[in-house]
Amino acid sequence: MKKISKAKIDELFKAISAKETLYIPVDDSEGQAAFIPYAEGLKMSEDLNTVRSAKDLFFPQVESLVNFKMDGKHIEIIDAATEKKPFVIFGVRACDARSFDILDRVFYYAEPKDSFYIERRDKSTVVTLACNAPEETCFCGAFGIDPAEPAGDVSAWQDGESFFFKANTEKGEALLAGLPLEDAADDAADKVKEDIRKITAMLPLKDLDLSKFGPGKTQELFNDPAWATLSESCLGCGTCTFVCPTCQCFDIRDFDGGKEIRRYRCWDSCMYSDFTQMSAGQPRPTQKERFRQRFMHKLVYYPDMHEGLFSCVGCGRCLRKCPIHMNIVKVIKTIGEEK
Amino acid sequence: MYEDALIPKLGVVTQIRVETPDVKTFRVVGADGKKPFVHIPGQCAMLSIPGVGEALFSITSSPTVEEYIEFSIKKCGCVTDWLHSMEPGQNVTIRGPYGNGFPVDTDFVGKDLLFVAGGIGLAPLHSVINYCRAHREKYGQIDVVYGSRSMGDLVDYKEILDDWMKEDGINVHLTIDNPQPEWDGHVGFVPNYVTELKPDISKTVVMCGPPVMIKFTLAGLMDLGFDRKNIYTTLELRMKCAIGRCGRCNIGSKFVCKDGPVFRFDELDELPNEY
């Protein structure tokens, strides 16, 4: 294990950003944290997590795919790919680190492969940071995630004086090898881990029961009458899908800029009515079907397709951001309760 | 050029045939003048006009056609309106083929095949029917029941009359919804016609058409004693990526673009009824 005094954290950030782009969570003027490129003077946010998830760095909200030029009957296809440079993300929480595994199964390992996503994943080094103060909206434990042992290329912990680092992969070792760090005992972060686990043991959602969900539960849960009542007040705003670290639905659209047409993909949401609207009909005609789709996909369909892995990481962003206070925890509790 | 499944290739529309008042057939080759790719009957491809949009269409031509691929497309939205307004020689972009296709070289082999189509629903079946005609010895009896609103709405009518109906190995049963002076064939809806023909329950059925046709034809076949395992259809849902990622065509644990569009009815029974 390695360590650095907290007083020297800027030295560490400078050393990393001298070689490659370093993203750290920083508060904006309204105190909302987001991952942005490090520049001298920027202070790392003390919030538990960023408002939007770290998925932006691999699966950006908007991304150019290709450009076209039109000239009468002639179309020219023009490369729109920009060179992606190696980067480091510092301070990813354990929940978001799991979301990368979930997205990888869709964009990295599934055929055909997603070149854009793969390139970013391959060129990134993820430094996670244990959560010293998990909040009441956190329920990562329900998905077997331990906020005291975050995954990633490098895991990091902090106490009052220091940051501690442990490399988990070759990429992680390569990153740490070039940094101004001191050696630390292997058990240096144990006290921090112990304190975190004391908090997680007290979290109100720690015993969230997922036993009613998972592979093979489609027939059992799809026609549950509770979908109608749960979705009744859903506004269909899509906020939950935009802050969600595992939501992966996207649209492909063209923008005609006059000289060139830009084809891009951008996040989309299964909560929107035009998501599935066809000239021939609408398979999900009301918010009930759209709402059900989102949660069934996370809790049943995705696990069905991916060896039981749930497509939720318990980060709690949707609990904090939903304007009508509906969320996946309420769904799990209502649909999952004994009947 | 950056390589990714979502980045299309250039295609050229070399011929446009008017099939009906709202259906045209588009012949497409690659930028090199050759067939853009090899497909399985029932598979689809993404066609686009930059600035207008991209949409998924059934490939109508048989894989046995070596020179080009064809799409019979009904005018019903932005992309299709544009396609219908263009002239031969126009570039389009193309990517594919996508989906599973029909099991023409496995489950269909040695079987008596009954194709049931309504309106533009003939498009995906056209590819299978012509594939089966080209490999006639691999299949048993071939029957086609095809219906449309009127005579003028029958897609591929000339080919059906000149080729299909003149062949010994294929029985074509055409029907239109309402009587017309120049029509001396069957009049009535497809589901009723299928039941009237009393097909043997050992046949493998392949259906494509409007949802209401599928619903009543299926009910008729069930009454006759058909097994849902022997009835195939091809689904249509909104799609953007066609590679199982954008989320639109997700039904239960399946993506229509990747795991379909061809499903047997016993497979559909396992999925939520959301299509």
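The model is predicted.

Chain A has 339 residues, and 41% of them count as buried. Its secondary structure comes to 11 helices and 12 strands. Along the principal axes, the C-alpha atoms of chain A fill a box of roughly 65 × 65 × 40 Å.

Chain A is divided into two domains. Domain 1 covers residues 2–200, and domain 2 covers residues 218–336. Their C-alpha centres lie 25 Å apart. The contact between them takes 36 residues from domain 1 of chain A and 26 residues from domain 2 of chain A. On the domain 1 side, strand E4 (62–71) and helix H2 (94–107) of chain A each supply at least two residues. The largest share of that side comes from E4(A), with nine residues. By type, the residues of the domain 1 side divide into 20 nonpolar, eight polar and eight charged.

An open sheet of eight strands is found in chain A. The strand order is E3-E2-E6-E7-E8-E9-E1-E10, and the pairing is mixed. Strand E3 (33–37) and strand E10 (182–183) of chain A stand at the edges. Each has a single partner strand, so one side of each is left without a neighbour in the sheet. Within the sheet, strand E7 (residues 124–129) and strand E8 (residues 154–158) of chain A pair in the parallel sense over three bridges. In this pair, Thr128(A) stands opposite Ser155(A) in E8(A).

An α-helix has 3.6 residues a turn, so residues three or four places apart point the same way.

In chain B, strand E6 (residues 91–98) has two partners described here. All of its residues, eight of eight, are buried, so E6(B) is largely enclosed by the rest of the structure. Strand E1 (residues 9–20) of chain B runs antiparallel to E6(B), and four bridges join the two. Strand E3 (residues 44–49) of chain B also pairs with E6(B) in the antiparallel sense, over four bridges. Ile94(B) in E6(B) takes part in both pairings. Lys9(B) stands opposite Ile94(B), and Leu47(B) stands opposite Ile94(B) as well.

The contact between the chains takes 35 residues from chain B and 41 residues from chain A. On the chain B side, strand E4 (53–58) and E6 of chain B each supply at least two residues. The residues of that side divide into 14 nonpolar, 12 polar and nine charged.

Two cis peptide bonds are noted. One joins Glu111(A) and Pro112(A), with omega about -10°. Pro112(A) has its place in the loop between H2 and helix H3 (115–122) of chain A. Another cis bond runs from Gly96(B) to Pro97(B), with omega near 0°. Pro97(B) lies in strand E6 of chain B.

Positive phi values in residues other than glycine are also noted. His325(A) has a positive phi of about 60°. The residue is found in the loop between helix H10 (317–321) and helix H11 (328–336) of chain A. His325(A) has 10 C-beta neighbours inside 10 Å and therefore counts as exposed. For Asp156(B), phi is near 60°. Asp156(B) has its place in the loop between strand E8 (142–148) and helix H3 (157–162) of chain B. With 23 C-beta neighbours inside 10 Å, Asp156(B) counts as buried.

Terms used:
Residues numbered from 1 in each chain as written. Chains lettered and ligands numbered in written order. Predicted model: local features only at pLDDT ≥ 70, side-chain atom pairs only at ≥ 80, totals over all residues. Domains from an automatic or database assignment. Contact = placed C-beta atoms within 7 Å. Nonpolar A, V, L, I, M, F, W, Y, C, P; charged D, E, K, R; others polar. Buried ≥ 20, exposed ≤ 12 C-beta atoms within 10 Å, placed from the backbone. Pairing = 2+ DSSP bridges.
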